[in-house]
Amino acid sequence: FIRAKSGSLKVIDVIVERLPYTIILFTTATLISSLLGLIVAFMVSKRALSSVDKVITSLSFVTYVMPAWFIGIFVILIFAYILKLFPPGGMFSPGVPEDPLARVLDFLWHLTLPLTAWVISSFGYWAYVFRSIFAQLYEEEFIKAAYARGLPPSLVDRRYVLRNVMPPFITLVSISLVFSLAGAPITEYVFNWDGLGRLLLEAAMVGDAPIVIGSTIIFAYLLAITVIILELVYAVVDPRIRVERK
C-alpha cells in the first residue's frame, strides 16, 4: 500500500500530502486558461467571421483536441533539452537549499513547463465555448435594442453582454476547478509531478483501493458543495434571478 512521507498508511494523510501540489498546478492553470479564453473570445466575437476570428477558432480547435501530456512532451523537448531553460520534470532540484525563498523559486522554475502545457491544452476549450456564448448573446434582441437606443458600445458590453456571460463562466470554471483537483494522471506522470493524479495512477497500478475510493468520495463532496455555492452566487451575478422578500 502507498504510504505518506511520514510513513502513515491513512488515506487522508496520503491525499492531503499530494493535494496541495495538484491545486497549485491545475487550479492555477484552469484559472489562467479560462480567463485568457474569455478575453480572447470577447475580442474575436466582435469580429465574427473575420480572418482573426477564423485563425483563433482554428487554433483553439487544434489545441483542444491535443491532450496536455502530448503537448507536454514537445514542451519538454524544446524548452528542457534543446533550449535548456527549464528542468524536464520533478518539483525540486537535487540539493536545493533549505532556504524558503530558494525553494519557492526552484519550485516555480519546475512549475513553468507543466503549467504552460496545461494552459495551452485547455485554452482552446475555453476560447471556443465562450466565443459561441458571445456570438449568441450579440444576436439577442435585448442587445440589438440596446444598440438601437444609442447606448455606447462599451456600456452595452459591460452592462448587458459581460453581465449575462458571468453565470455560465462561473458555472464552468467552478466545476472545472473541482475536477482539476483530481489532477491529470498522465500529465503528472510525464512531468514527474507528485500530485493527486499521479497518486491515483500509482494506486490503480498497485491495487490500493482505499486511496481510489477515498479520493472519489472527496471529489463527490466537493462537487456537491460547489453546486450549492453556485446556487447562492447566481442570486448575485445573474440579473434574471432575484430573491423574493415577503
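This is a predicted model: local features need pLDDT of at least 70, side-chain atom pairs count only at pLDDT 80 or more; totals for chains, interfaces and linings use all residues.
At 1.5 Å a residue, a straight helix of 38 residues would span 56 Å, whereas the end C-alpha atoms of helix 4 are only 48 Å apart. A kink of about 35° is located at Leu-111 of this helix, shortly before the proline Pro-114.

The most is contributed by helix 3 (residues 68-82), which supplies nine residues to the patch. Between the C-alpha atoms of Pro-88 and Gly-72, which are 16 residues apart along the chain, the separation is 9.6 Å.

The number of aromatic pairs in the model is 10. One of them is formed by Phe-70 and Phe-74, whose rings adopt an edge-to-face arrangement with 5.2 Å from centre to centre and 70° between the planes. Both residues belong to helix 3 and are four residues apart, about one turn of the helix. An α-helix has 3.6 residues a turn, so residues three or four places apart point the same way. Phe-70 is partly exposed at 31% relative accessibility, and Phe-74 is likewise partly exposed, at 44%.

A second aromatic pair, between Phe-107 and Trp-193, is tilted, with a centre-to-centre distance of 5.4 Å and an angle of 45° between the planes. This pair connects distant parts of the chain, 86 residues apart: Phe-107 lies in helix 4, and Trp-193 in the loop between helix 7 (185-190) and helix 8 (196-206). Phe-107 has a relative accessible area of 8% and is therefore buried; Trp-193 is buried as well, with a value of 0%. Through ring pairs, Phe-107 and Trp-193 are joined with Tyr-21 and Phe-92 in a cluster.

Five salt bridges were identified in the whole structure. In one of these, the side chains of Glu-202 and Arg-18 meet at an N to O distance of 3.3 Å. Since Glu-202 is located in helix 8 and Arg-18 in helix 1 (residues 11-45), this contact ties together parts that are 184 residues apart in sequence. Glu-202 is partly exposed at 23% relative accessibility, while Arg-18 is buried at 11%.

Glu-202 also forms a salt bridge with Arg-198, again 3.3 Å from N to O. These two residues both lie in helix 8, four residues apart, or about one turn of the helix. A further salt bridge joins Arg-198 to Asp-194, with 3.0 Å between the closest N and O atoms. Asp-194 is partly exposed at 27% relative accessibility, whereas Arg-198 is buried, with a relative accessible area of 15%.

Besides Arg-198, the buried residues of helix 8 are Leu-196, Gly-197, Leu-199, Leu-200 and Ala-203. Just after helix 8, a positive phi of about 75° is found at Gly-207.

Note on methods: Residues are numbered from 1 along each chain as its sequence is written. Side-chain values use heavy atoms; hydrogens and water are left out. The expected span of a helix is 1.5 Å times one less than its number of residues. The bend at a residue is the angle between axes fitted to the seven residues ending there and the seven starting there. Rings of Phe, Tyr and Trp (its six-membered ring) pair if their centres lie within 6.5 Å; planes under 30 degrees apart count as stacked, over 60 as edge-to-face and the rest as tilted. Buried means under 20% relative accessible area, exposed over 50%, partly exposed in between (1.4 Å probe, protein chains only). A salt bridge is a side-chain nitrogen of Lys or Arg within 4 Å of a carboxyl oxygen of Asp or Glu.
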